[in-house]
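I opened this notebook to record what I looked up in one model.

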Amino acid sequence: MKKFLTLSLLLVSLSVNASESVKLDSADIDLTDNLSLLRGAKHFVTHCLGCHSIKQMRYLRIAKDMEVDEKVILNDIAPEGAGIYDQIHSAMNKHDAEKWFGTQPPDLSLIARSRGQDWLYSYLKSYYLDPKRPFGVNNLIFKDTAMPNPFWELQGEQHATVRKTIYGEHIELVQHDPGTLTEKEFDTMVNDLVNFLVYVGEPVQLERQQMGKYVLFFLLIFFVIGYLLKKEYWKDIH
């Protein structure tokens with residue numbers, strides 16, 4: 001009986017979590033699109049670097065990987081006064097961060113790997129008005145997030161509404177006040193930013209994938225040679 005009750009409670013819990021889950025939007029990630037990555041780097045420096053760092057990355061690495069001149073990175077992307085060899089650190093110090101937000105905003109070097117590209121893409125698009133929260137907004141993907149909406153001027157403001165379906169209640173976001181970008185333009189901007197953060201999480205991803213093809217080809221050749229040697233060594237035994 002105890003096992004039956006435990007199993008029943010587990011199934012109820014799983015069904016509740018499933019009903020509260022939110023479908024994630026799919027990010028269009030293309031690490032070969034250098035223009036998208038450069039735009040994403042610019043968006044990060046403009047909208048995110050004030051609070052968050054990506055200290056595992058240097059401006060020089062971006063210039064080399066994107067195959068652009070170092071002066072382009074310094075003039076068009078890096079903040080004023082930054083050096084090409086600098087790590088990408090936030091302008092906010094720890095004392096001010098704890099005073100304003102209660103904690104220091106995390107470094108985002110590995111955020112795309114830890115959370116996933118679709119989660120990050122959906123999260124950045126899912127802010128809505130909530131007067132009960134300290135900054136007046138909440139997030140559909142990450143409930144009670146401590147981060148304010150960094151793109152409210154670009155995206156505009158959204159309301160969360162509850163829509164009833166045959167499968168239960170479903171929360172969806174409805175545009176309240178338009179922003180300076182259209183919905184398509186904003187989606188492209190966020191996608192470029194997520195594309196850049198995916199690159200930051202593993203800058204050698206394309207090289208690793210290319211090397212993986214050579215490794216598989218080598219293993220295939222080695223398997224064939226090994227199989228032929230095995231037949232040669234064992235033919236007299238049979």
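**Contacts along the chain.** I started with contacts between residues at least 6 apart in sequence, and 65% of them join residues at least 24 apart. The model is predicted, so I looked up confidence next. The mean pLDDT of the chain is 86, and 89% of its residues reach 70 or more. Residues 1-20 are another matter: their pLDDT is below 50. Beyond near neighbours in sequence, I find one contact for that stretch in the model.

**Inventory.** I count 10 helices and six strands in the chain. Of its 238 residues, 31% count as buried. The accessible surface comes to about 16,300 Å². Carbon and sulfur atoms hold 59% of that surface.

**Helix H2.** I checked the length of H2, which runs over residues 34-47. At 1.5 Å a residue, its 14 residues should span 20 Å. Its end C-alpha atoms are 20 Å apart, so expectation and model agree. Which residues of H2 are buried? I list Ser-36, Leu-37, Leu-38, Gly-40, Ala-41, His-43, Phe-44 and Val-45.

**Asn-191.** I picked this residue from helix H9. Is Asn-191 buried or exposed? Its relative accessibility is 11%, under the 20% cut-off, so Asn-191 counts as buried. Leaving out residues up to four places away in sequence, I see Asn-191 touch Ala-27, Asp-28 and Tyr-121.

**Salt bridges.** My search of the whole structure gave six salt bridges. Side chains of opposite charge can pair when their charged atoms come close.

The side chains of Asp-25 and Lys-125 meet at 3.2 Å, N to O. Asp-25 sits in the loop between helix H1 (2-20) and H2, while Lys-125 belongs to helix H7 (residues 117-125), so the pair ties together parts that are 100 residues apart in sequence. Asp-25 is partly exposed at 35% relative accessible area. Lys-125 counts as buried at 14% relative accessibility.

Asp-65 and Arg-61 form a salt bridge at 2.6 Å, N to O. What separates them along helix H3? They are four residues apart, so about one helical turn lies between them. I note both as partly exposed: Asp-65 has a relative accessible area of 24%, and Arg-61 comes to 30%.

Arg-208 pairs with Glu-202, and their closest N and O atoms are 2.5 Å apart. Arg-208 is partly exposed at 45% relative accessibility. Glu-202 is buried, with a relative accessible area of 16%. I also looked for shared partners: salt bridges join Asp-25, Lys-125 and Asp-187 into one network.

**Surface patch.** Last, I looked at nonpolar side chains on the surface. Phe-217, Ile-221, Ile-225, Leu-229, Tyr-233, Trp-234 and Ile-237 form a nonpolar patch there. Together they have about 770 Å² of accessible area. I took Ile-225 as one of its members. Ile-225 is found in helix H10, residues 205-234. Its relative accessible area is 46%, so Ile-225 is partly exposed.

Definitions and conventions
Residues are numbered from 1 along each chain as its sequence is written. This is a predicted model: local features need pLDDT of at least 70, side-chain atom pairs count only at pLDDT 80 or more; totals for chains, interfaces and linings use all residues. Side-chain values use heavy atoms; hydrogens and water are left out. Helices (H or I, at least four residues) and strands (E, at least two) are DSSP runs, numbered from the N terminus. The expected span of a helix is 1.5 Å times one less than its number of residues. Buried means under 20% relative accessible area, exposed over 50%, partly exposed in between (1.4 Å probe, protein chains only). Contact means heavy atoms within 4.5 Å. Accessible areas come from the Shrake-Rupley method with a 1.4 Å probe; for residues, only the protein chains shown count as cover. Patches are made of residues with over 30% relative accessible area and no salt bridge: like charges are joined within 9 Å, nonpolar side chains (Val, Leu, Ile, Met, Phe, Trp, Tyr) within 5 Å. A salt bridge is a side-chain nitrogen of Lys or Arg within 4 Å of a carboxyl oxygen of Asp or Glu. pLDDT is the predictor's confidence in each residue, from 0 to 100.
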